[in-house]
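Please read the report below alongside the sequence and the coordinates. It takes up accessibility, the metal site, the sheet and the charged pairs in turn.

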Amino acid sequence: MKKENYFRKLQKLIWIDIGIFTVVYIIGTIILEIFNIPINSIWAWLILGGIPIFLVISVYTKLMKFPYECQSCQKVFNIKFRDMFTLHAGDSRRLKCPYCHKTTWAKIKID
Ligand SMILES: [Zn+2]
């Protein structure tokens, strides 16, 4: 498979993750409502807390495969967990380079 297609597929999988998450989350809250489960019960925590954690882990394992290129020193690196929540637009992400320690709009590097 071509590298570009591989990353397209990964991106698509991330959107599928978010889609499944939204559906499961809504169903979860409906179940909580129907069975009248109190908000401080273990089931409520599993649904309201556990499902988002699954989403974050699932998205991160895909996101960490994308190589980002520093706009300052052109070195390529992978994102860390905390970088998931930084500003991003298209294939650019606000990242601190582990080599030159400058914060730039690093771009996904696919060649
Ligand atoms: Zn750099």
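Q74 counts as partly exposed at 44% relative accessibility, where buried means under 20% relative accessible area, exposed over 50%, and partly exposed in between, computed with a 1.4 Å probe on protein chains only. The model is a predicted one, in which local features need pLDDT of at least 70 and side-chain atom pairs count only at pLDDT 80 or more, while totals for chains, interfaces and linings use all residues. Residues are numbered from 1 along each chain as its sequence is written, and side-chain values use heavy atoms, with hydrogens and water left out.

Q74 sits in the loop between β1 and β2; helices (H or I, at least four residues) and strands (E, at least two) are DSSP runs, numbered from the N terminus. A polar atom of the Q74 side chain lies 3.5 Å from the backbone oxygen of Q71, a polar contact being a pair of N or O atoms within 3.5 Å, of which, within protein, one must be able to donate a hydrogen and the other to accept it, and for which residues adjacent in sequence count only if both atoms are side-chain atoms. Between Q74 and C100 the C-alpha to C-alpha distance is 9.7 Å, with 26 residues separating them in sequence.

## The zinc site

Which residues supply the protein donors of the zinc ion? They are C70, C73, C97 and C100, each through its SG atom, at 2.2 to 2.3 Å from the ion; donors are N, O and S atoms within 2.8 Å of the metal (3.2 Å for Na, K and Ca), and sites may look incomplete because water is not among the atoms. The site is tetrahedral, with angles of 107 to 116° among its 4 donor atoms, and four donors count as tetrahedral if all angles lie between 85 and 135 degrees. Along the chain, the donors follow the spacing C-x2-C-x23-C-x2-C. Distant parts of the chain are linked by C70, in the loop between β1 (67–69) and β2 (76–78), and C97, in the loop between β4 (92–96) and β5 (103–108), which are 27 residues apart.

The accessibility of these cysteines can be set out one by one. C70 is buried at a relative accessible area of 1%, and C97 is buried at 2%, whereas C100 counts as partly exposed at 26% relative accessibility. The structure holds 0 disulfides, a disulfide being a pair of cysteine sulfur atoms within 2.5 Å.

## The sheet and its hairpins

An open sheet of 5 strands has the order β2-β1-β5-β4-β3, with antiparallel pairing; two strands pair if DSSP finds at least two bridges between them. The edge strands are β2 and β3, each of which pairs on one side only.

Strand β3 (residues 88–89) is joined to β4 by 2 bridges, and the two run antiparallel; H88 has R93 in β4 as its bridge partner. The hairpin of β3 and β4 has 2 residues between the strands, and within this hairpin G90 takes a positive phi near 60°. Strands β4 and β5 also run antiparallel and are joined by 5 bridges, with K96 having T103 in β5 as its bridge partner. In the hairpin of β4 and β5, which has 6 residues between the strands, H101 takes a positive phi near 60°.

## Salt bridges

How many salt bridges are there? The count comes to 3, with a salt bridge defined as a side-chain nitrogen of Lys or Arg within 4 Å of a carboxyl oxygen of Asp or Glu. One of them joins R8 to E4, with the closest N and O atoms 3.2 Å apart; both residues lie in helix α1 (residues 3–34), 4 residues apart, which is about one turn of the helix. E4 is partly exposed, at a relative accessible area of 38%.

The side chains of K62 and D17 meet in a salt bridge with an N to O distance of 2.9 Å. This pair links distant parts of the chain, with K62 in helix α2 (residues 42–63) and D17 in helix α1, 45 residues apart, and both K62 and D17 are buried. The side chains of K109 and E69 likewise form a salt bridge, at 3.7 Å from N to O, and this pair too links distant parts of the chain, with K109 in the segment after β5 and E69 in strand β1, 40 residues apart. Of these two residues, K109 is partly exposed at a relative accessible area of 29%, while E69 is buried at 16%.

Key: Tetrahedral: all angles 85-135°; square planar, octahedral: opposite > 155°, others 65-115°.
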